[in-house]
Amino acid sequence: MIGIVSSPEPFRVKDVVLAGAYDLYGRGRVSNFLKSFNLLNMYLEVDNKRIDRSTATNFQQELDMHHASFTSTFDYGDKASVSYTYYSLRHLPFTVLMDVSITAKKDIDITSASVMEAPDALKDVQNYYNEIDRPHVTISLLTSSAKSPTGKLLMCASNTFLFTEPHGQEPRVIHEMWDNNMHLMKFSKKIKAGETYSFSIAGSSITSAHHDDPLNEAERLTIYAKLEGRERLINFHNKAWDALWQSDIVIEGDDQSQQDIHSMLYHLYSFTREGTALSPSPMGLSGLGYNGHVFWDTELWMFPAVLVLHPEIAKSMLEYRFKRLDAAKRNAFSKGFKGAMFPWESAETGVEETPVWALSGPFEHHITACVGMAAWNYYCVTQDKNWLREKGWPILSATADFWASRVERNGPGKFEIKNVVAADEWAENVDNDAFTNAAAKTNLQDATEAAKILGIVPDSDWLNVANNILILKLENGVTSEHGSYHGEGIKQADVNLLAYPLKQITDVAQIKKDLEYYGSRIPNEGTPAMTQAIFTLLYARLGDKEKAWQWFRDAYIPNLDPPFRIIAETKGGTNPYFSTGAGGILQAVLMGFGGLDITAKGIGQVKSVLPTQWKSLTIKGVGPGKKTFVVK
């Protein structure tokens, strides 16, 4: 729910991003993710001198992916050693914790301040400070509120110190108002040589998108965290992450691949949450990339990995779409179609949020089939008929109705879908894009199956349309990407998605032919990481471990940014964290090397091969039954 973006500066975090908080400002006349209050920034003075990057030596940072904590350690001359760790608390969705420890090498005086700063784009900033006195505790609350750029949202944050001293012996907290966008609270303390002094800062951030009274709620949540105390906060946070990691991917024989896959899983787990109606953007909560909008990246690339490991989190992603089904119906109506047409970019309301200059908004229609397929796959994995009836069927039937009205009927076997932006987005305004046509076909077939399961008579036209949708071939027998395709380079997988996840092409010779052809049409630069993941998956299922390994490495190694091996969208790119790519690579491991297969009866396993470098692959906690699958 809260993304804390790390910084290489002592005691600073770069950004704080809150899921579900959007407003219109700046870019493209569409709603954007907002930077929220930076409620974890602080400073530390030792003997009246403020520590910064130039005076901190032996500066080290590490990310603990098991328990989702980020720790920095450094020395300050011959005076002190300092360590601080921050957490976005898993069990408290709107609350963060910073834990600080200072070991004195000599007798020192310290002053530490928690600084609350409002990002420039926010307006009408109000700063508050109050102390709540109780017989056993004093609670100092540093609180701010501001309006989002158009005034649509009220954004609020509050934090407090957690001291280790008994009540009455804590340091005195002083509040300072600086300018309109910043205020702070601070305390001072003497530490004797050899002593270690610890304190924490707990804070909460929430907006009117999440709560009807965010100002008071931010303070209540912070008070709750203060009275829980540091030990309990960290303990419950760790337990929540332990529960998440019961679903895990274990690679034996290749420590680097293991760490990389854990990092991808960690980020996907960090960007999603059970019990919400929120869905992750291509960059998750790592910043403001892609404006925080939701694309096909969620349903086609991230969703399958989350679905097999944590169906309860996948349910949140679908709830996001279900709540915006009416908006999708209005979108179809305005374009002259029936049913529901999901927007290419979606944010708070579910209307089209693609900037007007990008043609994908009005024309990249395959997203509607991707949403339908995700709904069907959720049913397949969970076998939850009540969910299918209440949520899945409304999505599946409305998306199927869209495709039945979207096709142009030019005779048997010639139902065409014209004028689309392909899954390969370099192909704009083309006819009969392979992925769009095949995804529409899949959507129509899935809706028909869902009707039968629920005892509903399906629209007979759905299968009629599915059976007559055109999939084109080139003269050499390769599946053609679209009606005017002549062998040019492709931005990302399109035709190869017909073998997986669509399963519309099952003939092994055809799959190989399509792989070889399109594998030679990917430029070295400017292409996102998902294509190679699909090649990896298909080659692993075809039994070609060398090619699977080659594409697996190519899918992400050139995209890694130091120092934390964070995935960027493209090779040599600098816009992490690309959770779409992580989702694709996780599918390559789960469904490719691991052979997991989503079928109408649940999760099965097909034959596949491991890279020579791996001794074994164990996938734990799969599906509702938390099963284990092993490949050796």
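Q: Before we start, what are the helices and strands here, and how are they numbered?
A: Helices (H or I, at least four residues) and strands (E, at least two) are DSSP runs, numbered from the N terminus. Please note that this is a predicted model.

Q: Which helix gives the most to the lining of the second largest pocket?
A: That is H8, with 6 residues. H8 covers residues 366–382.

Q: Which other elements each supply at least two residues of that second largest pocket's lining?
A: Besides H8, they are helix H4 (296–309), H10, helix H12 (508–519), helix H13 (530–542), helix H15 (579–593) and strand E22 (596–599).

Q: And which residues lie nearest the centre of the second largest pocket?
A: Ala499, Pro501, Leu502, Lys503 and Asp597 do, out of 33 lining residues. The space in this pocket is about 670 Å³. By class, its lining consists of 20 nonpolar, 7 polar and 6 charged residues.

Q: How much space lies in the largest pocket, then?
A: The largest pocket holds about 1,100 Å³. It is lined by 44 residues, and Ile4, Val5, Ser6, His267 and Ser286 are the closest to its centre.

Q: Which element gives the most to the lining of the largest pocket?
A: Strand E1 does, contributing 5 residues. E1 spans residues 2–6. Other elements that each supply at least two residues include strand E2 (13–24), strand E6 (56–64) and helix H3 (255–270).

Q: What is the lining of the largest pocket by class?
A: There are 24 nonpolar, 14 polar and 6 charged residues in it.

Q: Changing topic: at what angle do the axes of H4 and H5 cross?
A: They cross at roughly 145° and come within 6 Å, with H5 running over residues 311–322. On the H4 side, the contact is made by Thr298, Glu299, Phe303, Val306, Leu307 and Leu309. H5 contributes Pro311, Ile313, Ala314, Met317, Leu318 and Arg321. By class, this contact has 9 nonpolar, 1 polar and 2 charged residues.

Methods:
Residues are numbered from 1 along each chain as its sequence is written. This is a predicted model: local features need pLDDT of at least 70, side-chain atom pairs count only at pLDDT 80 or more; totals for chains, interfaces and linings use all residues. Side-chain values use heavy atoms; hydrogens and water are left out. On a 1 Å grid over the protein atoms alone, a cavity is a set of points where a 1.4 Å probe fits but cannot get out, and a pocket is an open set with protein on both sides within 12 Å along at least five of seven lines; lining residues have an atom within 4 Å of a point. Grid points are joined across faces, edges and corners, and a volume is the space filled by probe spheres set on the points. Ala, Val, Leu, Ile, Met, Phe, Trp, Tyr, Cys and Pro count as nonpolar, Asp, Glu, Lys and Arg as charged, and the others, Gly among them, as polar. Axes are lines fitted to C-alpha atoms, for helices over the stretch in contact, and angles run from 0 to 180 degrees between N-to-C directions. Contact means heavy atoms within 4.5 Å.
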